[in-house]
Amino acid sequence: MSDALELGWEEWLALPALGLPAIKAKVDTGAKTSALHAEVIESFGDTGSPKVRFLIRPDPDHPKLELVCTAPVVDRRDVTSSNGQTELRYVIATEMQIGTVRRTIEITLTNRETMSYRMLLGRSAFGDHTTVIPDRSFIQPKLSFDLYQSIKPLKPKTRPLRMALLTREPDNYSSMRLAETGRERGHIVDVINTSRCYMKIEARAPEIHYDGKTLPFYDAVIPRIGASMTNYGMAVLRQFEAMGAWCLNPPSSIGASRDKLLAHQLLSQAGIAMPVTAFAHSPKDTKDLVGLAGTGPVVLKLLESTQGRGVVLAESKKAAESLVDAFRGLDANFLVQEFVKEAAGADVRCLVIGGRVVAAMKRQAQEGEFRSNLHRGGEAMAISLTPDERKIAVAAAKRLGLNFAGVDILQSKNGPVVLEVNSSPGLEGIEKATGKNVTGKVIRFIEQKVRTLGKRREINA
Ligand SMILES: Nc1ncnc2c1ncn2[C@@H]1O[C@H](COP(=O)(O)OP(=O)(O)OP(=O)(O)O)[C@@H](O)[C@H]1O
Ligand SMILES: [Mg+2]
Ligand SMILES: [Mg+2]
């Protein structure tokens, strides 16, 4: 492919890495660097690899066609425009395709809303073998804004949402899937480490600070708060709410689901079936406590445990009593629960989004193990739910006020019983077992919620 290029004073080009298949540019031999129209420019990323995202409306005649572009920042530079004003601009490097020529060029970002051309092609983009013929236009093949029709993510009416993903584990499967899927659908997703947020508590101007900067307004917050961060995470979430963000799961619901005592009380008040359960801290009458959980074998659980670690089975009354005596010395809350033998080492995880079960899997424990946790070597497979299972899963999520929940059910001889409700359910196991794009459903639910909320806000304004 030859590098020789003839250009008229206006030309069509594409910026494929930015996802822009057609841009009409004015060729300007008087300008050194190229410039591209950009609105709501925001920097993000590490200092080692800074990036910028911006909104572009490539077609001046159709301002509703909006796209979000992301690019690495190569520089920030003072640029003096033709009206003599100097502006500090972001400089990005991206690939340009014009006719058959493809090359990486530097582009400065600036608001060109009032200009007829969204892009200015400056000399540094020309290369060595370019001839500009100033009295001709469109020497290179013409493109069309129709090319944007095949681009799905943004519908003309919808603006991209700004989402915050609150997590201390940005690299785990769930975090990566949520961030990626949100971005694929045209949104801005900032991954924020909950523990690094600090806050200014002020009624009229609440703020959240992060690495020395004030965080902007977020339309939605996706909380992925680990058990060790529940309290602080809830405070951060309340602060986001105070700033007007909508939280996928409200902080109080996350708190309720994490507090096993409270969760059990709330669920049983709502008439949701659960294994018979007794709670204790340091009981004097061990026999009486064990008796509360029925006559058969019992399961004892340390309340602070997760991933099946503090969960033990006592086959006999005697074993249960000596375990209770041991737990009493730990100064910890624990529960004694009827053992649902029929479950046969399996439980059912139902993923509920917005009051509907969108995916379900059965987790089967290894031979000789009653705990089905995947971390304990359990195996997961897709399962179709009975209407009763579906109903109880939805009711449990609703009672705790969770829009996004993983409800764990045991299949007992008297029908399904709820074991626990998780407010940050993992996505890897369920997506792999069912082949369903659960993450996509989460993001679409957020879009739908935030947009109806936005409409309501406009009406009330
Ligand atoms: N009462 C019970 N009867 C039969 N099996 C049980 C019972 N309680 C728990 N199990 C089994 O043990 C596993 C672990 O128990 P549970 O889910 O209550 O605690 P956890 O896994 O430590 O909590 P988390 O899921 O939050 O990490 C369950 O998935 C289930 O397979
Ligand atoms: Mg649990
Ligand atoms: Mg569990």
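Tutor: The account below begins with the ligand site, then turns to the whole chain and to selected residues.

This is a predicted model, in which local features need pLDDT of at least 70 and side-chain atom pairs count only at pLDDT 80 or more, while totals for chains, interfaces and linings use all residues. Residues are numbered from 1 along each chain as its sequence is written, chains are lettered from A and ligands numbered from 1 in the order in which they are written, and side-chain values use heavy atoms, with hydrogens and water left out.

Around ligand 1 there are 20 residues, of which Lys-301, Gln-307, Gly-308, Asn-373 and Glu-420 come nearest; a residue belongs here if one of its heavy atoms lies within 4 Å of the molecule. The side chain of Asn-373 places an N or O atom 2.6 Å from an oxygen atom of ligand 1. The backbone takes part at two further positions: a polar backbone atom of Val-340 is 2.9 Å from a nitrogen atom of the ligand, and a backbone N or O atom of Phe-370 is 3.4 Å from one of its oxygen atoms. Taken alone, ligand 1 exposes 610 Å², and the protein buries 93% of that (Shrake-Rupley areas, 1.4 Å probe). Strands β20 (298–302), β22 (334–338) and β27 (415–422) are the elements that give two or more residues to the shell. In composition the shell divides into seven nonpolar, seven polar and six charged residues, with Gly counted as polar. Domain 3 (276–339) and domain 4 (345–446) each supply at least three of its residues; these bounds come from an automatic or database domain assignment.

The protein as a whole has nine helices and 27 strands, taken as DSSP runs of at least four residues (H or I) and at least two (E) respectively. Of its 461 residues, 47% count as buried, that is, under 20% relative accessible area. Contacts are heavy atoms within 4.5 Å; of those with a separation of 6 or more, 64% join residues 24 or more positions apart.

Ile-225 lies in the loop between β17 (220–224) and α2 (230–242) and is buried, at 3% relative accessible area. Beyond four places in sequence, its contacts include Thr-230, Gly-233, Met-234 and Leu-237, together with Arg-258 and Ser-424. Leu-166 is another of its contacts: 59 residues separate the pair in sequence, yet their C-alpha atoms are 6.8 Å apart.

Ser-174, in helix α1 (residues 173–184), is likewise buried, at 6%. Leaving out residues up to four places away, Ser-174 touches Arg-224, Gly-426, Leu-427 and Glu-428.

Gln-140 is found in the loop between β11 (130–132) and β12 (162–167), and its relative accessibility of 14% counts as buried. A polar atom of the Gln-140 side chain lies 2.9 Å from the backbone oxygen of Glu-6. Gln-140 also touches, among others, Leu-5, Leu-7, Ile-98 and Gly-99. The C-alpha atoms of Gln-140 and Leu-5 are 8.6 Å apart, across 135 residues of chain.

Finally, two loop residues deserve a backbone note. Most residues other than glycine have a negative phi. Asp-211, between β15 (207–210) and β16 (213–214), has a positive phi of about 50°. Ala-344, in the loop between β22 and β23 (346–353), also has a positive phi of about 50°.

Terms used: Buried means under 20% relative accessible area, exposed over 50%, partly exposed in between (1.4 Å probe, protein chains only). A polar contact is a pair of N or O atoms within 3.5 Å; within protein, one must be able to donate a hydrogen and the other to accept it, and residues adjacent in sequence count only if both atoms are side-chain atoms.
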